[in-house]
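Student: Could you go through this structure with me? I'd like to talk about its side chains, one topic at a time.

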Amino acid sequence: MLNDNCLFCKIIQGKIPSSKVYEDEYMLVFKDIEPKAKVHLLAVPKTHFALLSDMDGEGAKMLAHIFKKIPEVAAANGCEKGYRLVINQGEDAGQTVHHLHVHILGGQTLDW
């Protein structure tokens, strides 16, 4: 189920354009509009839930699928030598869009 007030749900629905790099029935991956690395992608489940703690069984299956696909998507987008995954959870962690998403950062040597 998608949320009409959610930015990422609107992107999934095609109401807001994005630079898509991968899509299937469970997920969408697109380029971040404010990249923090040479490659900065967002992997987004096609069901709306804000936090890991909001997931049900179907959400968990979707997230497992996302994690299985990320290596392929990362390699196809310039992260053959490695990449970092980040999932922000809540305001204090810097989550600004409250739809669970995985940041894929790479294409360069990353510092902490």
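Student: Let's start with Lys69: is it buried or exposed?

Tutor: This is a predicted model, and in it Lys69 is buried, with a relative accessible area of 19%. That value falls under the 20% limit used for buried residues.

Student: And which residue forms a salt bridge with Lys69?

Tutor: The partner is Glu72, and the closest N and O atoms of the pair are 3.2 Å apart. Glu72 itself counts as partly exposed, at 45% relative accessibility.

Student: How many residues apart are Glu72 and Lys69 in helix α2?

Tutor: They are 3 residues apart in helix α2, and therefore separated by about one helical turn.

Student: How many salt bridges does the count come to?

Tutor: The count comes to 4 salt bridges. One of them joins Glu23 to Lys20, with the closest N and O atoms 3.4 Å apart; here Glu23 is partly exposed at 37% relative accessible area, and Lys20 is partly exposed at 44%.

Student: OK, new topic. In the largest nonpolar core, which residues touch the most other members?

Tutor: That core has 16 residues, and Val29, Ala43 and Ile66 are the ones that touch the most other members. At least two residues each come from β2 (27-31), β3 (39-45), α2 (57-76) and β5 (102-106), and α2 gives the most, with 5 residues.

Student: And what does Ile66 touch?

Tutor: Not counting residues up to four places away in sequence, Ile66 touches Met27, Ala43, Val44, Pro45 and Val102.

Student: Which residues does the second, separate core include?

Tutor: This second core has 10 residues, among them Ile11, Ile12, Leu28 and Leu42. As a general point, nonpolar side chains in soluble globular proteins tend to be buried together.

Student: Last one, His103: where is its place, and is it buried or exposed?

Tutor: His103 has its place in strand β5, and at 11% relative accessibility His103 counts as buried.

Student: Which side chain is joined to that of His103 by a polar contact?

Tutor: It is the side chain of His101, with a polar contact of 3.4 Å between the two.

Student: And leaving aside neighbours within four places in sequence, what is His103 in contact with?

Tutor: His103 is then in contact with Asp32, His40, Leu41, Leu42, Arg84, Leu85, Val86 and Asn88.

Methods:
Residues numbered from 1 in each chain as written. Predicted model: local features only at pLDDT ≥ 70, side-chain atom pairs only at ≥ 80, totals over all residues. Heavy atoms only, no water. Core = buried A, V, L, I, M, F, W, Y, C linked by side-chain atoms within 4.5 Å. Buried < 20%, exposed > 50% of the residue type's maximum accessible area, 1.4 Å probe, protein only. Helix = DSSP H or I, 4+ residues; strand = E, 2+ residues; numbered from the N terminus. Contact = heavy atoms within 4.5 Å. Polar contact = N/O pair within 3.5 Å; in protein donor to acceptor, adjacent residues only side chain to side chain. Salt bridge = Lys/Arg side-chain N within 4 Å of Asp/Glu carboxyl O.
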